[in-house]
Amino acid sequence: MNEAKVNDDIVPRIRDYVAGRLGARDVTLELVERIAVGWSHETWLFDAVWRDGSVQRRLGLCLRRDPGNALLRHLSTLETQFKVLQCLEHTALPTPKPYWYESDTSILDAPFLVMEKVAGTCPSPWGRDGRAFYAAAAKRGVLPNSFTRTLATLHTLDWRAAGLGFLGIPAPGKSFAQREIAKWRELIAVSEHPPEPILTDLIGWLEENAPPTDRVCLVHGAYRTGNLLIHGDRVSAVLDWELQVLGDPLYDVAYVLSDLNREGTPLLSNLVDRDAFFRDYEGATGIAIDENVCRYYNALYAMRSVAFWMSASGLYASGMSNDIRLARTAYSVPDVLDRAAKELGY
Amino acid sequence: MGGAATRRAPVVNAGELLQRIAQTLRNDVGPAVDAEYPKTQAFMAAVVLQKLGRELALADGHRAADATELRALADDLVRARGTLRPDAGSSQATRGGSANVAAAIDRFAAMLDQESLCGVIESLYAARAELDAAQFDALLGRRVRRTLRTQIDRRLEFAK
């Protein structure tokens, strides 16, 4: 895909679409920014500005477009993301208000959704500036508590009442873990990556040791700093609704506890003291954190990571994407396989 | 033969060439690009070429080591195949798994590739209920995984 060309000609078309939706003439787009993060969908931020009689109106919007070669294209569609945001709109969980979803590719050449541009920033925990941001926030102590409280809100919301049952309700027992394994198996299969014996070993172990659970919650699937918008030392919105699933809340907890998201600090997700997280999360949810189960899910995340990187490098290898970041991920596969082997004790 | 007319340019091997191009991308091209997307692409290309260069430089040695180790693993598994026995407590319904393990080992010994090695691992897990725990651990835990560990360590030499 020619990135420069896309940048040049899409903005007027977005403006025309938004003007039609708002029923306003003379709409201009200000503060237009294409965010260069994420490998799944293109993301645009802008303010729509128009006159309503003598009053100037301004609406901050975020548009996500499916480029057709998204990393999780087999597992996550913008339509599903839009439905999830609609379901969450009237819950206590802070999420962007969804405005419009369009499957008509004649408008912007690809399906897209438009949602509220929520106030806040989303520093990357992988960069120097982001690490400094979270280190300073950790010292102030307000954001860590908001991080944990927001996860507790996510896990205690009434997903049935919110209409999220369409995500698929796992049966009691081992069904949740088995469904996740099957999902990542599918992504691995479509990536057409050469066979990896460590991955085969990992999958065998995961299938044999799937933990039973009868507690079903909304699980975000990638709850960490970098996927949360921060405003005034609080989480202003939970973002990246691509991996959500109904299932064991400890799946999210394991991700929070994982070394993956710490960048060398002892703080969970670069932000939260481990003991404080246990105390605040268990206190707010009534859910006891079983560290053995979390260790299992950590191994499941290794499988998921392998699936991601195989899929990503496959997109580059097949010519579906020219983004060299995806070519780089071919070298992430051995790295995660090493982690998987260590999880299995070798 | 001799003299200035026959002098040849120094030969740069592929790995070295890629390392040098990576350096140029990282030190000269990337910093000169202002726009965020192409700048990221330049730096990422440097990372890929550096790893690829290292992979190529190590390829011959790695290929030989892999072949030697897969052969040794196959020899050990073929020897162990004769001792496969169902666990005394396994049910009649689960028996037959050890025969599948034996067949997977034979295939691996013939093919000596990653796909047939995956087949051995799958057959071991499938026969888990039938094999006694010590046997499963000896085959997968102590033998197959030893080879997998050395293989992944080699790949990390260029992937890290």
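Two residues are taken to be in contact if their C-beta atoms, placed from the backbone, lie within 7 Å. In this predicted model, V120(B) is in contact with L77(B), A104(B), I105(B), F108(B) and V144(B), leaving aside its neighbours within four places in sequence. V120(B) is also one of the residues that touch the most other members of the largest nonpolar core, which has 104 residues.

**Domains of chain A**
- The domain assignment divides chain A into domain 1 (3-116) and domain 2 (128-343).
- Between the C-alpha centres of domain 1 and domain 2 of chain A the distance is 26 Å.
- Contacts between the two domains involve 20 residues of domain 1 of chain A and 28 residues of domain 2 of chain A.
- On the domain 1 side of chain A, the residues touching domain 2 comprise 12 nonpolar, seven polar and one charged.

- In soluble globular proteins, nonpolar side chains tend to be buried together.
- Within the largest nonpolar core, of 104 residues, the members that touch the most others are L202(A), L271(A), M303(A), V306(A), L337(A) and V120(B).
- Helix α11 (residues 291-317) of chain A gives the most to this core, contributing 14 residues.
- Because domain 1 (3-116) and domain 2 (128-343) of chain A both give residues to this core, it lies between them.
- Another core, of 17 residues, lies apart from the largest one; F46(A), C62(A), F82(A) and F112(A) are among its members.

**Strand pairs around β2(A)**
- β1(A) and strand β2 (residues 42-52) of chain A run antiparallel and are joined by six bridges.
- E30(A) has D47(A) in β2(A) as its bridge partner.
- β2(A) and β3(A), also antiparallel, are joined by 11 bridges.
- W44(A) stands opposite L63(A), a residue of β3(A).
- β2(A) and β3(A) form a hairpin with two residues between them, and G53(A) in the turn has a positive phi of about 65 degrees.

Terms used:
Residues are numbered from 1 along each chain as its sequence is written. Chains are lettered from A and ligands numbered from 1 in the order in which they are written. This is a predicted model: local features need pLDDT of at least 70, side-chain atom pairs count only at pLDDT 80 or more; totals for chains, interfaces and linings use all residues. Domain bounds come from an automatic or database domain assignment. Ala, Val, Leu, Ile, Met, Phe, Trp, Tyr, Cys and Pro count as nonpolar, Asp, Glu, Lys and Arg as charged, and the others, Gly among them, as polar. Two strands pair if DSSP finds at least two bridges between them. Helices (H or I, at least four residues) and strands (E, at least two) are DSSP runs, numbered from the N terminus. A nonpolar core is a set of buried Ala, Val, Leu, Ile, Met, Phe, Trp, Tyr and Cys residues joined through C-beta atoms within 7 Å. A residue is buried if 20 or more other C-beta atoms lie within 10 Å of its own, exposed if 12 or fewer, and partly exposed in between; C-beta atoms are placed from the backbone.
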